[in-house]
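Visitor: I have a structure to look at and would like to learn how to read it. Could you take me through it step by step?

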Amino acid sequence: MGSQKVHPSSDELEAYAVGSASDAILDKVEEHLLICERCRIELALSDQYVWAMKKAVAVPEAGRRLRSIHVTEDGPIFGTIHSGADGKWIARQWGRQLDGGRTCDSMEEANAYLIDSFHQMFPEHFCSETCREEFF
Ligand SMILES: [Zn+2]
Ligand SMILES: [Zn+2]
């Protein structure tokens, strides 16, 4: 058990963040993150960077809507977009302790709302493999 107290190197954290870590490193980092706040925060910072890059690639796919599940300390947070009346789009985000939404003029605006509002509510969140974000 003692080995978990050793912080992963920033190279290992980086590999984990971008998804290029070997299985051995993946296991080691994941176990360590469960017990180490400092490394979670360090990873959150680098992961948001990677995440922003992904977002920049994903959003230009016009005509697709975002569906997301983020597993947070408050439980899973779901995001969906429905088409509403009058050509509007309804973005909704909910979890155990929240239920929010907004009516948007375009699908792109609704996608952006879901992404932005989630990151405002959970600025420390980093996506694990249990999170899902997809455009469909
Ligand atoms: Zn650590
Ligand atoms: Zn997430």
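**Reading a predicted chain**

Guide: Let us begin with one residue: Cys 131 is partly exposed, because 16 other C-beta atoms lie within 10 Å, and by definition a residue is buried with 20 or more other C-beta atoms within 10 Å of its own, exposed with 12 or fewer, and partly exposed in between, the C-beta atoms being placed from the backbone. This is a predicted model, in which local features need pLDDT of at least 70 and side-chain atom pairs count only at pLDDT 80 or more, while totals for chains, interfaces and linings use all residues. Residues are numbered from 1 along each chain as its sequence is written, and chains are lettered from A and ligands numbered from 1 in the order in which they are written.

Visitor: Where in the chain is the place of Cys 131?

Guide: Helices (H or I, at least four residues) and strands (E, at least two) are DSSP runs, numbered from the N terminus. Cys 131 sits in the loop between H4 and strand E5 (132-135), and the protein chain as a whole has four helices and five strands, running α-α-α-β-β-β-β-α-β from the N terminus on.

Visitor: With which residues is Cys 131 in contact, leaving aside its neighbours within four places in sequence?

Guide: Two residues are in contact if their C-beta atoms, placed from the backbone, lie within 7 Å. With those neighbours left aside, Cys 131 is in contact with Ile 69, His 70 and Val 71, and its C-alpha is 8.9 Å from that of Thr 72, although the two are 59 residues apart in sequence.

Visitor: Is Ile 69 buried, exposed or partly exposed?

Guide: Ile 69 is partly exposed, because 15 other C-beta atoms lie within 10 Å. Ile 69 belongs to strand E1 (residues 66-72), and beyond four places in sequence it is in contact with Pro 76, Phe 78, Cys 131 and Arg 132.

Visitor: Which residues make up the largest nonpolar core?

Guide: A nonpolar core is a set of buried Ala, Val, Leu, Ile, Met, Phe, Trp, Tyr and Cys residues joined through C-beta atoms within 7 Å. The largest one here has eight residues, namely Leu 66, Ile 81, Trp 89, Ala 91, Ala 110, Tyr 113, Leu 114 and Ile 115. Strand E3 (89-95) and helix H4 (107-121) are the elements that give two or more residues to this core, and H4 supplies the largest share, four residues. A second, separate core of seven residues includes Leu 13, Tyr 16, Leu 43 and Phe 126.
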